[in-house]
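This report walks through a protein model contact by contact. Please look at the sequence and the structure first.

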Amino acid sequence: MSILILRRLPAPEVQALRRLSVFCAIGAALLSLLRLPLRASFLMGGTWQGATDLMMLTMVSESPLGSSIALRLVGLALICAILLPARLGRPLAVFGVLVVAASFVFRGHALEEPRFLLAALISLHILGLAFWIGAFTPLYRLSGADTASVAGQVSHDFGRIAIWVVGALTLAGGVTLWLLTGNVLDAFFTSYGQFFAMKLGVFLGIIGFAAWNKLRLTPASLRQEPGASAHLRRSIQMESVLVALILMTTAILTTISAPEATNQIGSAAASGQTTETNRGGFL
């Protein structure tokens, strides 16, 4: 996405980003496949036997989780088309990004009602994060090279778009929390809401660094002030660390905690009642 949106990226950075996209797509595919034995193991009480049990693996692969992973693998394969000539490769890669984002709406909280709105919000959330994270590498590399003005120009372009991305991420996250819990204030007294609050706090830290970059460091880089690029580089490093914290918090949030509505579903599953949603959420 950064390749398409940040039009003033120098050609060497575009090439580096294309290679990184393929590397990340392959890594994401391997990690996605790893979820199948992990989930099978979880369903068998966290045992190694469960991870290799053919019947359990088949059941997981035929569940919404399996469908989600299958769709994601298709999208990740299409992203690798970014290595093809731009006229063919870029449209395929963009379609692959959209398919990967859509793959997240086939399981978990996205299966709850209003399903289509939740699907749209989750997809928007993922696409916004993809753009944000994808810009880190070229901005970091440019700020470390002897190209302060170029780094400033690309950072300026990124900041101009990031304002809208921040707004979209905040809106999507807030509405999603409200839809899943029914009451945002009450949600913060649950474990899910507290993890969400931690995530929100880290996100506010990222916004702080982004504002510092846009209002102070980017203009300084454009003026080629001494030390501006080094400050921008360190700021991007800190943003990357905070994004990693958000991803870790999200992994915990979606693994060991759930909104109240989903907890009710879990209770229904434990009592033997099967619903459309817990068929999706549980697996």
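## An Arg–Glu contact

The side chains of Arg223 and Glu225 meet in a salt bridge, 2.7 Å from N to O. A salt bridge here is a side-chain nitrogen of Lys or Arg within 4 Å of a carboxyl oxygen of Asp or Glu. Arg223 is exposed, with a relative accessible area of 52%. Glu225 is partly exposed at 27%. The cut-offs: buried is under 20% relative accessible area, exposed is over 50%, and partly exposed is in between (1.4 Å probe, protein chains only).

The model is predicted: local features need pLDDT of at least 70, side-chain atom pairs count only at pLDDT 80 or more, and totals for chains, interfaces and linings use all residues. Residues are numbered from 1 along each chain as its sequence is written, and side-chain values use heavy atoms, with hydrogens and water left out.

Salt bridges that share partners join Arg8, Asp157 and Arg160 into one network. Asp157 meets Arg8 at 2.9 Å, N to O. Asp157 lies in helix 9 and Arg8 in the loop between helix 1 and helix 2 (11-43), so this pair ties together parts that are 149 residues apart in sequence.

Asp157 also meets Arg160 in a salt bridge, at 3.7 Å from N to O. Both residues lie in helix 9, three residues apart, about one turn of the helix. How do the accessibilities compare with the cut-offs? Asp157 is buried at 7%. Arg8 is partly exposed at 42%, and Arg160 is partly exposed at 46%.

## Overall fold

The protein has 14 helices and zero strands. Helices (H or I, at least four residues) and strands (E, at least two) are DSSP runs, numbered from the N terminus. Of the 283 residues, 40% count as buried.

## Aromatic contacts

The model has two aromatic pairs. Rings of Phe, Tyr and Trp (its six-membered ring) pair if their centres lie within 6.5 Å; planes under 30 degrees apart count as stacked, over 60 as edge-to-face and the rest as tilted. Trp132 and Phe158 form an edge-to-face pair, 5.6 Å centre to centre with 80° between the planes. This pair links distant parts of the chain: Trp132 is in helix 7 (residues 115-134) and Phe158 in helix 9 (residues 148-181), 26 residues apart. Trp132 is buried at 3% relative accessible area. Phe158 is buried at 7%. Phe131, Trp132 and Phe158 form one aromatic cluster.

The rule asks for NZ of Lys or CZ of Arg within 6 Å of the ring centre and within 35 degrees of the ring normal. Arg72 lies over the face of Phe104, 4.1 Å from the ring centre. The charged end of Arg233 sits over the ring of Tyr140, 3.8 Å from its centre.

## Nonpolar surface patch

Met1, Leu4, Ile5, Val94, Phe95 and Leu98 make a nonpolar surface patch of about 470 Å². Patch residues have over 30% relative accessible area and no salt bridge; like charges are joined within 9 Å, nonpolar side chains (Val, Leu, Ile, Met, Phe, Trp, Tyr) within 5 Å. Areas come from the Shrake-Rupley method with a 1.4 Å probe; for residues, only the protein chains shown count as cover. Helix 6 gives the most to the patch, with three residues. Met1 lies in the segment before helix 1 and is partly exposed at 33%.

## Cysteines

How many disulfides are there in the whole structure? The search finds zero, with a disulfide taken as a pair of cysteine sulfur atoms within 2.5 Å. Cys24 is partly exposed at 44% relative accessible area. Cys80 is partly exposed at 26%.
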